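Subject: Structure handover

Hello,

The structure is below, followed by notes on what was found in it. Please read the notes with the coordinates open.

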Amino acid sequence: MDKKTNGQLKWFIPMLAIIPFIIGTIGYVRAEESLSDSLYYSLSLYFVNLNSESSNIMIDIARWTAAMVTAATVLYILKQIWEKILRTVISLRSDSVAVYNDNGKKIFFDDKSHAVIYPGRTICPRAKNHIIMMNTDTDSIKFYNENKARFRNKKIYIGLLEIEYGLMKDVPDVTFYDIGGAIARTLWKSISLWNNRGKTESLIITIMGSGHLGQNILNHGLLLNLFSAHQSITYNLIGSTKLYQVAHDEIETCNQDSVHFYSPDDDDIWDVIKQSNIVILTEQISFEKLQTIGTVCKDGQIFYYEPGEEDICRYIKLNHLIPYGRDCEIYTDENIRKDHLIKQAMDLNYDYVQHYGNEASDTTPKKEWDKLDGFLKWSNISSADFIEIMKAIAGFDYDVSEDELAELEHIRWCRFHYLNYWKYGIPDNGKNRDEKKKIHKCLRAYTDLSEADREKNREIVRNALIRETAP
């Protein structure tokens, strides 16, 4: 139930409850009772107490409806008491989870033994874990701030729909969950372009929809769809993309891939769709438009956003329409609380510290991870994500060298920085990077790097493959 409907009900239900009182008062006045007695008699009807022998149709209506209001009120109070007791009992379990939202989203768990509560906006302070997923990021953060004191020393997870994960500041005991990023990652890993390495290295991918999901899908496509030094992928983003273009005016793909932007009103967008190998729809659209896209793009795959389970398109005689973004794949406990990707990123960062840092011998992956800001954490997560793709490429019967994989990793690293508003530059401090100016001297072609910097990329590849083959 949304906030507007909930607010309307808060006014409507009390007004409905006093109707028997109003009808009863009028009925008793018409039965020639005094006004004060009429008010008293009408009020007593709520306690199923008939204090007057006066009777007419209005009194009879008031008598029965007042009793119904009383019964409904008692049942409501009992229901609230029962729910409070149930929430308290569940909260006492060691792995209890309270999920706060106003959109009805549920968390999907791997087993049936989980202890989860959906209290709406009612705080359950005894729960050990708290997941906040309101309709907007503003509502989620506001809800957290309003209840920060009650969340102290608890594990908090906040779902992000709009704010970029890499721009978030670190907040103690709070883990941010990138919902749009999870949808995008799940989509690209289901498409898995790298499985066709050597067969389809030249592709046209069109993304329709300029909202945060469309931008997330483009960004993650640029970071994950790297499988060959000879690939040439054209990304077309159709939508109102002016703000995105302004924010990423210096983005470089670092290979033969390219990004093009189109307005929904451009005359040639149907030609673009017709030529596409893959079309991704990031907003729920009418069936008429979906069918039109399906008939125009006859030879490509069309992925349409469908978070629910009601896949009506299965009845349309177009086999290249494929749903993605299912809630059961995105809102999972594994993704939110037990994110294996973050654990891999911790290990990756720890390996880097061990090789290139000067840390104490008693340090741990968790201690090193906690030292990183949001950008560096996200950078390691992106690298860990791409390592899975490198493992897949190396596991196939492809003639792929360590140096080619290292170059692909470097291209991903460069793209990640460009997407997070960095650019090439030589810092005045004599180091590789200047965080204030967001410039890095390694944001250039792999062949232009020093041997030492190329070796860092090779080391990432070696460590990834060693982990894959280790017993």
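**Notes on the structure**

Leaving aside residues up to four places away in sequence, S44 touches N49 and N51, where contact means heavy atoms within 4.5 Å. S44 sits in helix α3 (residues 35–44); helices (H or I, at least four residues) and strands (E, at least two) are DSSP runs, numbered from the N terminus. S44 is buried, because its relative accessibility is 6% (buried is under 20% relative accessible area, exposed over 50%, partly exposed in between, with a 1.4 Å probe and protein chains only).

Two remarks on provenance. This is a predicted model, in which local features need pLDDT of at least 70 and side-chain atom pairs count only at pLDDT 80 or more, while totals for chains, interfaces and linings use all residues. Residues are numbered from 1 along each chain as its sequence is written, and side-chain values use heavy atoms, with hydrogens and water left out.

**Salt bridges**

The whole structure contains 22 salt bridges (a side-chain nitrogen of Lys or Arg within 4 Å of a carboxyl oxygen of Asp or Glu). One of them joins R63 and D60, at 3.4 Å from N to O. These two residues are three apart in helix α4 (residues 57–91), so about one helical turn separates them. R63 is partly exposed at 32% relative accessible area, and D60 is partly exposed at 26%.

D428 and K437 form another salt bridge, at 3.3 Å from N to O. Here D428 is exposed, at 69% relative accessibility, and K437 is partly exposed, at 49%.

In the salt bridge between R458 and E451, the closest N and O atoms are 2.7 Å apart. R458 is buried, with a relative accessible area of 11%, whereas E451 is partly exposed, with 44%. Shared partners link E402, D403, E451, R454, E455, R458, E459 and R462 into one network of salt bridges.

**Cavities**

There are two cavities of 30 Å³ or more. On a 1 Å grid over the protein atoms alone, a cavity is a set of points where a 1.4 Å probe fits but cannot get out, a pocket is an open set with protein on both sides within 12 Å along at least five of seven lines, and lining residues have an atom within 4 Å of a point. Grid points are joined across faces, edges and corners, and a volume is the space filled by probe spheres set on the points.

The largest cavity has a volume of about 180 Å³. Its lining has 16 residues, with Y177, D178, R185, D339 and W378 closest to the centre. β5 (174–178) gives the most to this lining, four residues.

The second largest cavity has a volume of about 70 Å³. Among the residues that line it are R185, H220, W378, D385 and F416. The largest share of this lining, four residues, comes from α15.

**Second largest pocket**

The second largest pocket has a volume of about 1,000 Å³. Its lining has 35 residues, and Y352, L376, W413, R433 and K456 lie nearest the centre. Two or more lining residues come from each of α13 (340–356), α15 (374–395), α16 (402–419) and α17 (451–469). Of these, α13 gives the most, with seven residues.

Regards
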